[in-house]
Amino acid sequence: MKVAKDMRWCAEYDVIVLGFGGAGATAARFAADNGAQVLIVDAAPSGHEGGNTRYSAQHVAMAHDKKQITEYYQQLAAPFQVDENLLSTYLDGFVEMPKYFEKYFGLKPFIWSRDYQPEDHLANKQKLCEYPEYHGSTTFDFALVHNRDFDASLWQVLRKEVLKRKANIDIWLNSRAKHLLQNENGEVVGVKIERNHKEYFVHAAKGIVLATGGFENNHRMQQDYLHVDHLTPLGTLYNKGDGINMAAEVGAQMWHLSNYESLGIISGYVIAEGSNQRGHQISGWKNIKSGSIFAVANDGTRFMREDAQFRHGHIYQHGDYILPHAYDNAWLVFDQKQYEKFVQEQREGKLKYQNLFSKIISGQTVSQLAEQMSIPSQNLLETIKNFNDYARFGKDSEFGRSPASLEEFDLSNSIYGIKLAPAVLNTQGGPQRDDQARVLDTNGQPIARLYSAGELGGICSNRYQGGGNLAECLIFGKIAGENVVKMPAKKSSGIANQLPRINDLLSGDDEQIYLAKNQYLGSSEKGIGGKILVRVTYQDGIIKNVEVIENHETEGIGAVAIKQIPQEIVKHNSTKVDAISGASTTTNAIQEAVNSAIQKAKNLEGRKNVR
């Protein structure tokens with residue numbers, strides 16, 4: 001979008017960073033460290049910022065040997081080509097990652113191969129690399145903040161680093177960048193932003209960094225680029241391809257648009273959710289893939305090996321690893337025996353998905369169930385018959401499922417189904433960048449003053465190695481932030497109706513919260529979304545009430561902890577209560593906040609006694 005020479009802007013910054021996930025936070029931090037005044041713009045509302053970095057396992061890819069990791073990554077990309085300079089810069093970052101953690105985060109990283117202990121709260125990995133059969137794979141490793149994963153710990157560090165620089169970084173949340181603005185020379189000099197139903201034109205004196213993530217929640221783009229109807233996001237709901245649209249408008253070259261990653265309860269699939277809701281990645285759920293249970297597609301027949309070991313959703317087929325087809329009417333089908341296994345999980349407090357029973361449908365016969373599922377009943381009957389034969393003879397002739405996982409269906413009782421949905425962890429495509437994080441046009445030339453980082457136009461063209469996207473956020477976020485600041489400043493033609501500085505991430509004034517007698521505020525910054533603020537009623541050593549006043553936790557299991565943990569604390573008159581499964585970070589933060597409120601009460605009581 002071209003701008004007039006006499007454009008009257010509403011604000012001016014040295015650098016504008018679009019997107020506030022791992023890449024955007026990193027770019028903003030390093031731009032600020034080099035003297036820039038920075039604006040971060042993100043479409044997510046407060047409490048949902050963080051992009052896919054927030055939801056990821058927090059494993060950052062690293063390596064010990066540059067030559068070996070180069071060989072490994074060349075095989076991951078094959079038969080596709082990758083820019084040698086870009087790959088070399090990326091993998092230099094792998095080798096330097098431990099130093100990066102120490103220098104820029106002020107912490108010694110947990111290095112998996114060196115520090116892992118069986119009691120650590122980490123995903124079970126037989127191999128650190130996803131493709132151990134490739135040469136050079138043994139040099140691959142992970143760097144983490146500590147010996148836990150899936151707890152947003154890396155995101156918390158990145159967010160904290162941005163907040164440390166609040167004098168130099170403003171943040172607009174719930175604000176959507178719509179268009180990049182170019183001057184008559186084609187330089188990107190500003191952004192049109194929609195915020196609170198108004199449009200704002202903000203000038204960037206030095207340049208702009210695109211870090212808006214992919215198109216995980218844009219069904220039209222999924223149809224156009226991935227050839228699937230729609231996918232259920234496992235991460236943020238706010239990645240809608242805005243960066244791709246903006247970059248295309250200014251003539252960027254696109255690449256890797258057809259590539260995406262997945263996970264699931266079985267390969268590439270999660271339990272279906274409502275519109276605009278995140279899917280739930282659940283690993284190690286044995287009863288989903290073992291017993292009298294299997295997955296069927298639109299025609300009532302099986303379409304995969306349900307117990308397959310997958311690599312970010314990709315399963316082995318005919319010499320390669322590929323994603324299963326994304327069917328729009330896939331189901332898990334199981335019998336009464338299998339249903340009772342889920343009931344037992346619930347009784348023991350081990351049910352992996354809390355809403356399971358509300359999602360299950362049933363029929364007295366196979367035909368009744370098939371009618372509800374909108375699949376051919378005769379095909380489903382034949383599928384069950386074949387599966388029972390495989391179980392009886394101990395060999396799955398179709399897909400090679402483990403004989404120990406096969407159990408005959410009993411059709412004398414009800415039969416059940418639960419709808420599945422194909423899932424997306426993240427997309428990889430977008431505007432092509434070079435080794436200096438500059439966005440390239442269709443002639444392979446840099447678009448002036450435009451940079452990018454993260455999964456938007458990521459380096460992965462074919463097979464993905466876990467942790468690679470987070471590494472890309474840190475490596476190219478730093479490069480983009482440092483390089484954009486080097487651009488000579490191009491001041492605006494003038495500012496009209498100058499906006500005040502805004503930082504939507506900063507908390508409100510806690511002093512405005514009403515406190516009755518024996519009520520105390522406590523807070524913790526260790527929640528997945530940052531601050532958790534509680535109001536505790538405490539008298540004579542008794543915790544009478546705990547209210548969560550402010551939180552920015554992840555929807556789903558985090559919300560369960562916000563509701564249940566305060567009740568448990570009051571019930572036991574102690575903060576030493578069991579964590580909600582899958583929400584230990586939120587649980588710990590609530591406990592810390594309540595303890596801080598109780599300590600205030602005890603301190604006040606101590607001062608009274610001194611008098």
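The sulfur of Cys 473 lies 13 Å from the closest cysteine sulfur, in Cys 460, so the two are too far apart for a bond. A disulfide would need the sulfur atoms within 2.5 Å. In this predicted model, a search of the whole structure finds zero disulfides.

How buried are some of the residues?

| Residue | Relative accessible area | Class |
|---|---|---|
| Cys 10 | 9% | buried |
| Cys 473 | 9% | buried |
| Phe 215 | 0% | buried |

Phe 215 sits in the loop between strand S9 (198-210) and helix H8 (219-226). Leaving out residues up to four places away in sequence, its contacts include Met 221, Tyr 225, Leu 257 and Thr 427. Glu 12 is 203 residues from Phe 215 in sequence, and their C-alpha atoms are 29 Å apart in space.

Now for a pair of helices. Two packed helices are described by the angle between their axes and the distance between the axes. Here, the axes of H3 (residues 66-77) and H4 (residues 84-95) come within 10 Å and cross at roughly 130 degrees. The two helices are therefore oblique to each other, and H3 passes H4 in a right-handed crossing.

Which residues of H3 meet H4? They are Lys 66, Ile 69, Thr 70, Tyr 73 and Gln 74, and their partners in H4 include Leu 87, Tyr 90, Asp 92 and Phe 94.

How values were computed: Residues are numbered from 1 along each chain as its sequence is written. This is a predicted model: local features need pLDDT of at least 70, side-chain atom pairs count only at pLDDT 80 or more; totals for chains, interfaces and linings use all residues. Side-chain values use heavy atoms; hydrogens and water are left out. Axes are lines fitted to C-alpha atoms, for helices over the stretch in contact, and angles run from 0 to 180 degrees between N-to-C directions. Helices (H or I, at least four residues) and strands (E, at least two) are DSSP runs, numbered from the N terminus. Angles under 35 degrees count as roughly parallel, over 145 as roughly antiparallel, 65 to 115 as roughly perpendicular and the rest as oblique. A crossing is left-handed if the near helix is turned anticlockwise from the far one by less than a right angle, and right-handed if clockwise. Contact means heavy atoms within 4.5 Å. Buried means under 20% relative accessible area, exposed over 50%, partly exposed in between (1.4 Å probe, protein chains only).
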